[in-house]
Amino acid sequence: MSYGLQEGDRPTNMTIVELIRAFGRDLPVGIVITEAALEPPGPIITYVNPAFGKLVGRDPDEIVGLSPRFMQGRETRRATLDVFHHALKRGERFHGYLTNYRGDGTRYRAEIDCRPIRNVRSEIEGFISFEREVIRRIGRPIANIAGRYEDASASNDQLGNALRALGIFVA
Ligand SMILES: Cc1cc2nc3c(=O)[nH]c(=O)nc-3n(C[C@H](O)[C@H](O)[C@H](O)COP(=O)(O)O)c2cc1C
């Protein structure tokens, strides 16, 4: 699989964010990066990959500069947002499920794996979230919340294996 590194990208001496931008171009998983400040109007989105634009049904250019709250609506659970907020405030990972809304008003269930990006001094410089649409699994016993949902896209095994190897979307 080609990850879209193009001439001009410098695989050496790249920052994590530059690396993610290069890899994220062709990756069929939504990626959103924000600044570190969490209180409104933050966290301000500084980057989304094309797959994220597709997921939320918006042009990536019109998402940059907004807060991820633009995806929330009537059925987005406040209790889950509070868990999300507190995890980020403590500098911890949030892995969970939220109802998000697209540009056309339709809703989808999003699996969200969000982590802090730390610099060499361990200070939080921003946050990165991997996001994908999931659907409710039918006819399987519910072991935990992750067992209730499955990936909505017909994404290939290779991608699933790569994400698992990186610990993304893993409980
Ligand atoms: C990188 C990143 C991605 C996020 N993605 C979403 C999202 O897809 N949907 C959502 O409802 N909130 C998302 N959030 C959470 C909101 O930005 C916000 O933190 C949440 O609403 C809780 O904080 P609040 O109580 O200040 O609103 C994301 C946050 C970050 C940092």
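Start by selecting Asp104, which sits in the loop between β3 and β4 (107-118); strands (E, at least two residues) and helices (H or I, at least four) are DSSP runs, numbered from the N terminus. You are looking at a predicted model, where local features need pLDDT of at least 70 and side-chain atom pairs count only at pLDDT 80 or more, while totals for chains, interfaces and linings use all residues. Residues are numbered from 1 along each chain as its sequence is written, and side-chain values use heavy atoms, leaving out hydrogens and water.

Is Asp104 buried or exposed? Asp104 is exposed, at 59% relative accessible area (exposed is over 50%, buried under 20%, partly exposed in between, with a 1.4 Å probe and protein chains only).

Then show Arg58, whose C-alpha is 8.8 Å from that of Asp104, although the two are 46 residues apart in sequence.

Next, look for rings: there are two aromatic pairs (Phe, Tyr or Trp rings, the six-membered one for Trp, with centres within 6.5 Å; planes under 30 degrees apart are stacked, over 60 edge-to-face, the rest tilted). Select Phe84 and Phe94, a stacked pair with centres 4.0 Å apart and 10 degrees between the planes. Phe84 belongs to helix α4 (residues 78-89) and Phe94 to strand β3 (residues 94-101). Both are buried.

Finish with Tyr97 and Tyr149, stacked because their centres are 4.6 Å apart and their planes at 25 degrees. Tyr97 is in strand β3 and Tyr149 in strand β6 (residues 149-151), so the pair ties together parts 52 residues apart in sequence.
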